[in-house]
Amino acid sequence: MGKFARLGFWLSGLIVLAVIALGCIAPLVPYEPADAVSYDDALVSPSLAHLMGTDEQGRDIAIRLVKGTEAFFLPGLMAAAISIVLGGLTGALTGYATGFFRTAVLGALQLLDTLPRLVFIILVCTIRDPSVMLIAFVAGILFIPTVATVIRRKVESLASEDYILAHIAHGFSPVRVLLHHILWLQCWPILVRQAAFVFGYVLFVETGLSYLGDYGVQEPTPSWGNMVAQVRSLPSDAPWPWLIPAAAIVLTISGFLAFGNLAARRGEEAVR
Amino acid sequence: MSEPMLTVRDLVIEFDTQAGRRRVVDGVSFSVQPGEVLGILGESGSGKTLSTLAVLGLIPGRPGVVSGEIELTLDGVRHKLLETLPAVVTRSAQGEYRKDDRRWGRMVNRQMRPLWGRAMTAVFQNPKQSLDPLMTIGAQLDESVRLAHPELARPDVRARSLDWLSRVKLHNPPRVHASYAHELSGGMCQRAMIAIALAREPRLLVADEPTTGLDTTVRQEIVELFHELLAAERRAMMYISHDIREVLFLAREVIVMRAGKIVEVATADDLRTGTGVRHPYTRTLLQAADLPVGEAA
């Protein structure tokens with residue numbers, strides 16, 4: 001790993017840590033969106049009283065930014081968990097199993113993989129009560145095939161390794177060999193990369209839908225997406241109310257993607 | 001002589017290659033007596049490794065084992081390992097074999113699972129690749145001890161593991177216990193591998209060219225270790241090697257394989273002293289090792 005990659009790893013790691021910290025703190029911050037409105041303070045530039053300034057309704061942007069992490073944090077974690085747990089298990093199973101079962105599961109995964117993700121998520125939102133949790137749940141399911149495929153390839157390539165043969169000959173439990181020796185010890189870098197990606201994807205979809213309005217987080221509850229949406233009515237000399245959340249979105253998504261990739265690379269180098 | 005613990009009869013193994021189907025093991029029969037070491041001698045590609053992997057049930061389909069019988073007797077119970085084979089092999093009018101790979105794989109797994117480890121296990125060549133690169137030696141050894149003695153508590157498992165490490169003459173057992181395979185030398189890995197295999201307490205140990213790729217001095221130490229832990233304790237073992245001296249040192253009975261067939265069955269004593277009539281290939285091997293070659297056939 002080069003110097004540049006190592007720097008990227010620590011920087012992106014910092015972003016990930018910061019987002020996780022904010023996500024944990026946010027629910028503890030008392031915030032009543034209606035009470036925060038104060039038209040006298042509308043569009044104040046960043047200052048000591050309001051670190052990131054205020055928006056058109058005089059609400060403090062820093063607090064809304066922190067509170068906005070609530071919109072995607074838990075849903076993102078849930079989606080990542082769903083995709084790596086279920087994807088990891090189906091991947092390990094299809095890498096090990098043979099016969100009709102394997103064919104059937106692979107077929108189902110392929111079918112799931114052909115669904116256009118964003119369109120399918122919006123479709124589900126139109127037929128059920130839209131919520132970020134629902135979006136995240138569907139996103140988690142939709143990423144199962146991606147995770148399962150990389151894990152299956154890994155399991156298949158490891159199956160012919162001498163030490164796996166030796167474990168079988170010693171009579172080590174096949175379930176343990178599969179789950180512990182292969183899935184856990186060998187595949188964790190892959191799982192980290194996928195989890196970070198899915199988390200980033202949920203943030204992307206949540207902010208996108210909140211920006212567009214109908215299916216995302218509704219005003220006055222803050223989301224980075226509906227904060228950016230203010231761009232439509234803001235005067236051009238007051239860019240901070242949308243610029244700051246937009247920067248947060250870009251930084252967080254790229255931070256998570258970079259961290260996933262670089263952490264996995266470090267892991268894979270250590271594994272070898 | 002008592003009843004053999006392992007009997008292999010007319011084992012035939014074939015594989016499909018680009019040049020068509022090739023018979024790599026051709027009607028091999030042998031047996032292992034309880035507490036005896038059987039030496040299997042032969043060059044690379046003679047089918048010696050495949051014959052023993054077949055005994056362990058570790059040969060995948062396509063077509064792999066196509067006929068034969070393997071019988072394992074444990075505590076008076078007879079296990080017929082290839083009993084289900086005829087059910088998955090069909091023969092066409094032209095005498096061509098077809099084998100249902102998947103059914104075969106399932107049947108082998110079901111039948112072998114209770115036998116793997118408890119009845120027999122193996123020490124392979126390439127000790128470094130035979131150890132899990134991501135688990136400490138200790139973690140793997142502990143697993144082996146735990147499987148052999150599920151009743152033991154955690155500290156006792158560790159104590160027994162450390163004891164095994166010192167029995168295979170590894171210095172500083174606690175350090176080795178906490179090491180990964182890549183931190184140890186090839187010889188140390190093979191000692192650890194032997195400890196893991198023996199800690200499982202198998203009735204029959206299959207050692208498949210365990211000294212290949214090791215330094216000459218280390219090879220000798222490993223062979224002596226096998227002698228001490230198996231031959232001397234009268235545990236049954238199949239010792240596969242292409243080195244006639246190793247085989248003669250360890251085994252009581254020796255079979256010599258070439259091109260998928262057994263060309264010679266003899267006692268180690270006869271081979272050492274040059275008694276009896278010898279196959280030309282065996283004579284070449286004996287000659288190469290500066291041993292009396294015996295009479296020509």
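Helices are DSSP runs of H or I with at least four residues, and strands are runs of E with at least two.

Q: How many helices and strands does chain A have?
A: The model is predicted. Read along the sequence, chain A follows the pattern α-α-α-α-α-α-α-α-α-α-α. The count for chain A is therefore 11 helices and zero strands.

Q: What share of the contacts in chain A between residues at least 6 apart in sequence joins residues at least 24 apart?
A: The C-alpha trace of chain A spans about 75 × 45 × 30 Å along its principal axes, and 41% of the 272 residues are buried. Among contacts between residues at least 6 apart in sequence, the share joining residues at least 24 apart is 70%.

Q: How is α3(A) oriented relative to α6(A), roughly parallel or roughly antiparallel?
A: Helix α3 (residues 73-96) and helix α6 (residues 132-142) of chain A pack with their axes 8 Å apart, at an angle of about 25°. Angles under 35 degrees count as roughly parallel. The orientation of α3(A) to α6(A) is therefore roughly parallel.

Q: How do the residues of the contact of α3(A) with α6(A) divide into nonpolar, polar and charged?
A: From α3(A), residues including A:M78, A:A79 and A:I82 meet residues of α6(A), among them A:V132, A:I135 and A:F137. The contact residues divide into 11 nonpolar, three polar and no charged.

Q: Which element gives the most to the side of chain B that touches chain A?
A: In this interface, 23 residues of chain B are in contact with 16 residues of chain A. On the chain B side, α3 (101-112), β8 (120-123), α4 (137-148) and α7 (186-199) each supply at least two residues. With three residues, the element giving the most is α4(B).

Notes:
Residues numbered from 1 in each chain as written. Chains lettered and ligands numbered in written order. Predicted model: local features only at pLDDT ≥ 70, side-chain atom pairs only at ≥ 80, totals over all residues. Buried ≥ 20, exposed ≤ 12 C-beta atoms within 10 Å, placed from the backbone. Contact = placed C-beta atoms within 7 Å. Axes fitted to C-alpha atoms, helices over the stretch in contact; angles between N-to-C directions. Parallel < 35°, antiparallel > 145°, perpendicular 65-115°, else oblique. Nonpolar A, V, L, I, M, F, W, Y, C, P; charged D, E, K, R; others polar.
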